[in-house]
Structure formats: structure tokens, C-alpha cells
Amino acid sequence: MKHFKHPATIIAMVALFAALAGGAGAAMTTLISGSQIQNHTIPVTKLTASALKALMVTGAAHSDGGGDIDCPLNSTGTPTFCGNPTVVKFNLKTVVLVNGDVDLASSDGGGITAELGVCYAPHLSSSLTEVDHTYPEFAAAADSFFAQGVTGTVGGLSGTYDVGVCLHDESSNVENGHFAITMLTMQTSTGKNKALGPS
């Protein structure tokens with residue numbers, strides 16, 4: 001067995017082990033804060049199953065008497081939530097990105113109209129404020145469901161609010177089907193973001 005007796009070799013090996021140990025220790029104790037992550041840079045494949053589950057609020061309902069109606073028909077001009085809204089505790093830097101899809105169909109094959117939006121309300125209040133909306137309008141064979149989507153952000157609030165997807169002004173021949181809602185809550189520097197700010 002060959003022994004390293006040269007002092008330079010011993011010093012170099014000690015320095016190497018110290019560097020490796022120091023780097024490993026730093027890697028294990030360094031945490032990345034949210035402010036160090038650029039927007040839209042974390043792929044879904046990097047999220048855990050529990051993180052994905054926490055982002056999802058989903059439901060399935062039909063307006064044809066086939067179960068509980070979690071997304072009730074609403075022909076009035078006053079918006080109502082589709083399913084149960086999410087309760088969010090806001091500070092002035094909180095922004096919630098909401099993405100929702102609702103399957104709509106015509107009961108008689110005639111054209112349908114509706115307004116699908118992103119809404120918030122003080123917790124347990126029925127007085128909803130709509131921040132973004134779309135106007136689904138199409139004609140198709142009776143009972144042919146098509147997904148209609150809406151995306152919007154809620155921010156600049158302080159306190160506890162209900163946030164979700166809302167519907168109103170549905171024509172009398174609309175049928176509400178399955179729905180899916182995804183929400184992402186984040187803290188920004190101002191409560192508004194140029195890419196995601198409330199309209």
C-alpha cells in the first residue's frame with residue numbers, strides 16, 4: 001500500500017474533503033424562498049401529489065335530477081357560486097388565480113347563452129363581486145355538453161373572503177354539467193401582478 005507523505009498532497013486532500021463537506025452541508029440547509037422563484041417556472045412534474053391536491057377544487061353535478069345540484073342553474077342577473085367556494089384569508093399582498101371549466105348544454109337543441117365568471121364575496125355572504133367573465137354562447141344538439149372556461153384573479157383585499165367560479169344570466173334551456181375549478185393562492189410584492197392582476 002502506497003502512503004502519501006508529501007505535505008502538499010495531505011493539505012490538498014484535507015482541502016478537498018473540507019470543500020465537499022462544506023458544499024454538502026450548505027446544500028442541505030439552504031432553502032429557496034418564494035421570491036427567488038420566477039413566475040411560471042415550476043412544472044407540474046415538480047409538485048407533490050399533496051401539493052396538486054391542495055390546488056384542486058373539483059366537482060361533478062348535473063342539472064337533470066341525477067344528483068345534487070352543486071352548480072345550480074341561474075337565469076337571474078345576480079351571480080351565484082358554482083359549487084362550494086374556497087375560503088381565503090387575504091392580506092393586501094394575496095392574489096388568487098382562479099381557473100374554471102363548466103360543461104354546458106342545450107336542453108332543446110336551441111342556442112344557449114350564459115355568463116361565467118370569477119367571483120368573490122365576504123365569507124358567507126351572498127353578495128358576489130365578479131372580477132372576470134366570459135359569455136358562453138352556442139347552439140348544438142340537445143344534451144351535447146361542451147366545456148366553457150374562465151380565468152381570473154382576485155387580489156387587493158384584506159380579510160376572509162369566499163372565492164370561486166360563478167354563473168348568471170343563463171338562458172332557460174341551459175343544462176349545467178360537470179365542473180372543475182383550480183385555484184392558486186400566492187403572495188406578491190404589491191397584491192397585484194402585471195401578468196395576473198385583477199381586471
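Predicted model: local features only at pLDDT ≥ 70, side-chain atom pairs only at ≥ 80, totals over all residues.

Reader: What share of the residues counts as buried?

Author: Buried here means a relative accessible area under 20%. The protein has 199 residues, and the share of them that counts as buried is 32%.

Reader: And of the contacts between residues at least 6 apart in sequence, what percentage joins residues at least 24 apart?

Author: A contact is taken as heavy atoms within 4.5 Å. Among contacts in the protein between residues at least 6 apart in sequence, those joining residues at least 24 apart make up 78%.

Reader: Now to the cysteines: how many disulfides are there?

Author: The rule asks for a pair of cysteine sulfur atoms within 2.5 Å. Cys71 and Cys82 have their sulfur atoms 2.0 Å apart and form a disulfide. Cys119 is joined to Cys166, also by a disulfide, with an S to S distance of 2.0 Å. The count is 2 disulfides.

Reader: Is the link of Cys71 and Cys82 left-handed or right-handed?

Author: For this one, look at the angle about the S-S bond, which is -115°. That makes the link of Cys71 and Cys82 left-handed.

Reader: Where in the chain do Cys71 and Cys82 lie?

Author: They are 11 residues apart, and the pair links distant parts of the chain. Both Cys71 and Cys82 are buried. Cys71 lies in the loop between strand S1 (56–59) and strand S2 (80–81), and Cys82 in the loop between S2 and strand S3 (86–90).

Reader: Why is the disulfide of Cys119 and Cys166 right-handed?

Author: The place to look is the torsion about its S-S bond. The disulfide is right-handed because that torsion is about 60°.

Reader: Which strands hold Cys119 and Cys166?

Author: This pair ties together parts that are 47 residues apart in sequence. Cys119 is buried, with a relative accessible area of 0%, and Cys166 counts as buried at 0% relative accessibility. Cys119 lies in strand S6 (residues 115–122), and Cys166 in strand S10 (residues 159–168).

Reader: Finally, what is the pairing of the bonded cysteines in sequence order?

Author: Cys71 bonds with Cys82, and Cys119 with Cys166. Numbering the bonded cysteines in sequence order gives the pairing 1-2, 3-4.

Technical notes: Residues numbered from 1 in each chain as written. Heavy atoms only, no water. Helix = DSSP H or I, 4+ residues; strand = E, 2+ residues; numbered from the N terminus. Buried < 20%, exposed > 50% of the residue type's maximum accessible area, 1.4 Å probe, protein only.
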